[in-house]
Amino acid sequence: MSVKLCSSDNKEFGVEMKIATQSTLIRNLLDDVGETDEAIPLPNVTGKVLEKIIEYCTHHMDDPPALNEEYDDLPKRSDDIEPWDEKFIDVDQELLFEILLASNYMDIKPLLDLGCKTVANMIRNKTADEIRKMFNIVDDFTEEEREQIRKENEWAEDH
């Protein structure tokens, strides 16, 4: 059995139920409304991003499901990314953040974790200035504010 998903830009995707229900959002929706021939609208997800999400869920469709409570309690590491996942998430920054937003919206925890681990690895061992430059964040602190922040966080410095 399959289900139709419709992106924000009206691209429709026919997807096996086993793939689509990796999204808690879709699983709960289907539990509430039952089987439907209507496409499920995903207004926060573009076709390009939905295609990537379907690719991810297709690859992981036979993974054992993690119970939400157990999954949330597991310690998270950012250096344990599987090779396929690492290649999958090796995308430009804009697409990476769109995947993060969509996986959060669709409630696909393993994909959200993969995106977060990827961002964590991107910023590991970087200074605040390097991170600002990487993500195009404007530094609008005054010199006095910067000094205050340094004083408040002296305990966190490596000495």
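Tutor: Helices (H or I, at least four residues) and strands (E, at least two) are DSSP runs, numbered from the N terminus. The model is predicted, with local features needing pLDDT of at least 70, side-chain atom pairs counting only at pLDDT 80 or more, and totals for chains, interfaces and linings using all residues. Residues are numbered from 1 along each chain as its sequence is written, and side-chain values use heavy atoms, leaving out hydrogens and water.

Student: Where is N10 placed?

Tutor: N10 sits in the loop between β1 and β2.

Student: Why does N10 count as exposed?

Tutor: Exposed means over 50% relative accessible area, buried under 20%, and partly exposed in between (1.4 Å probe, protein chains only). N10 has 62% relative accessibility, so N10 counts as exposed.

Student: Why does D107 count as partly exposed?

Tutor: The relative accessibility of D107 is 25%, therefore D107 counts as partly exposed. D107 lies in the loop between α6 (93–105) and α7 (109–123).

Student: What is the phi of D107?

Tutor: D107 has a positive phi of about 60°, although it is not a glycine. N10, also not a glycine, has a positive phi of about 65°. Most residues other than glycine have a negative phi.

Student: What joins strand β1 to β2?

Tutor: Two strands pair if DSSP finds at least two bridges between them. Five bridges join β1 (residues 2–6) to β2, and the two run antiparallel. C6 stands opposite E12 in β2.
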